Structure formats: C-alpha cells, structure tokens
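Here's a quick look at the charged side chains in this one. Have the fold open as you read.

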Amino acid sequence: MFRIKNFEDNNDVKIVEELGAFKVVEYLKDLSVDHLTAQTAYYASEMNVRRRQLVCDVSLSDITVQSGAMQWMVGDVSATTGLKGVGDFIGKAFRGKVTNESAIKPEYTGTGKLVLEPTYKHILLIDVDDWNGSIVIEDGLFLACDSELNHKAVMKSNLSSIAMGGEGLFNLGLSGGGIVALESYVPREELIEIELENDELKIDGNMAIAWSGSLEFSVTRSGKTLLGSAASGEGLVNVYRGTGRVLMAPVLR
C-alpha cells in the first residue's frame, strides 16, 4: 500500500495527456531556481519550454522503457531485461546498434508506479492500433511502450542513396496492440499529419517522426537525374510510398 502526495496533485503540475497505462505530467513553472536563473526560467515557461515526465501505471500493463530512463518507482515493481534466451539477446543487440536505441530495454512488471526522468522535450502518446497495428519511428525518439508491442529493425530501401546521403540504414518498428511514448522536439499541436492512399510524399530532411509500417520508405534524388537534382537546388529526399500515415514536424532540428 502506498500514497503519493504533492506530485500529480501539486498546483504547479498539469496532466497534459493520458492514454492506457501512461500519463504525461508537465510542470507549469520551474520553481527550483535562484535569483540568477529565475528570469530565464520565467521566459522559458512562457514559451512552453517546460519539464515533463512520463508516469507509468505498471498495474495496467508491463512497461518497456529506454535504458537509463527510470527516475523512481513505488510499489511492487520489478525490473527485468526482457531477454528470452541467447538468440533474443543477439537480435536485440543488433537492433539497438542499427537503430541508435539502447540494445537492452528494461521491462517493468508488477502493480506499482514507474516515473521516468524529466525532459524538456514533448512527450507524445500514440496508440499503435490507430496505425493499423504497425508504426515506424525516427531514430532516438523512443521513450517507452507497452511490453506486448513487438520491436523490429525496419530496413530502408534504395541502399545506394542512403550511403550517399549519410542516412541510417534501419529504423525502429513497433507492431501489435499497445501504446508507445515518443520524445519529440516539437509539440503535438505543430505536428503535420499526412494521409496517403496509393500516393507518395517527399521530404527534404528527417522531419518525419513516425509513419505507418505499411509505407515503403526510401531515400532518393529529388530529381530523376543528377542534372535535375542540381537544377532544383535539392539533393536527396526521403520518400514515403503507398497507403498509410506520416507524422511530420514543421521544422528540421
């Protein structure tokens, strides 16, 4: 039995999103300041630069998190590696290496609460069921998810263009039913959602933060020829083809 006081019920804390076993809390102001940093903290808060934390109710679902993300937990909560043998370890180590994610993501089970480290990024909660059970995310954005979701390394096509553009070869794909939490450098209010039906989307840069697993993702020249690419002033672009959705940031960071 446990009780948590002065956390979610704090006047300086606001619950900005809640989905499944996950809850995103946001600190309206950074009160842990002194006279030297108070002005910076005030204007940061006014511009929506605020600390946020992901709170996970482990009694509702086993939770898989990015390695090192846990800040504190209370109740009957246990951490495991989630490994199911040597083959599983090799597969996860490979996937972590090629997707720039932690090789082994700890899994938390039990009946208590798990709170992750605060971040100034925006935390997005996405129901993979709403993406027809399959989603691919940009490298470095994964924060946590329901443990029942399956992880895999999704390889891009058109390998020669990837090598020319310095792009990574793989992205992290999630499939099944459950919620995933992403760390985004832009808020949900600014994200652009594009639905494709047997069509294609070309983006100059890694501005897409997530897309349907049903889409074919490749890197190619902006024009049909080298001369055409030079004339357009662009080089390589990310191309998403097929039927599905793309969640895109309005700026490149």
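## A negative patch

This is a predicted model, and on its surface Asp62, Asp129, Asp130 and Glu148 come together as a patch of negative charge. Take Asp129 as one of the members: the loop it sits in runs between strand 9 (122–127) and strand 10 (134–137). Asp129 counts as partly exposed because its relative accessibility is 46%, which falls between the 20% and 50% cut-offs.

Glu8 is partly exposed at 24% relative accessible area, whereas Lys23 is buried at 15%.

Glu8 also forms a salt bridge with Lys113, where the closest N and O atoms are 3.3 Å apart. Lys113 belongs to strand 8 (residues 113–116) and Glu8 to the segment before strand 1, so this pair ties together parts 105 residues apart in sequence.

## A buried pair, and a network

What about Arg52 and Glu26? Their side chains meet in a salt bridge at 2.8 Å, N to O. Arg52 counts as buried at 3% relative accessibility, and Glu26 counts as buried at 7%.

Back to Glu8: through salt bridges that share partners, Glu8, Glu18, Lys23 and Lys113 join into one network.

Terms used:
Residues are numbered from 1 along each chain as its sequence is written. This is a predicted model: local features need pLDDT of at least 70, side-chain atom pairs count only at pLDDT 80 or more; totals for chains, interfaces and linings use all residues. Side-chain values use heavy atoms; hydrogens and water are left out. Patches are made of residues with over 30% relative accessible area and no salt bridge: like charges are joined within 9 Å, nonpolar side chains (Val, Leu, Ile, Met, Phe, Trp, Tyr) within 5 Å. Accessible areas come from the Shrake-Rupley method with a 1.4 Å probe; for residues, only the protein chains shown count as cover. A salt bridge is a side-chain nitrogen of Lys or Arg within 4 Å of a carboxyl oxygen of Asp or Glu. Lys and Arg count as positive and Asp and Glu as negative; His and the chain ends are not counted. The place of a charge is taken as NZ of Lys, CZ of Arg, CG of Asp or CD of Glu. Helices (H or I, at least four residues) and strands (E, at least two) are DSSP runs, numbered from the N terminus. Buried means under 20% relative accessible area, exposed over 50%, partly exposed in between (1.4 Å probe, protein chains only).
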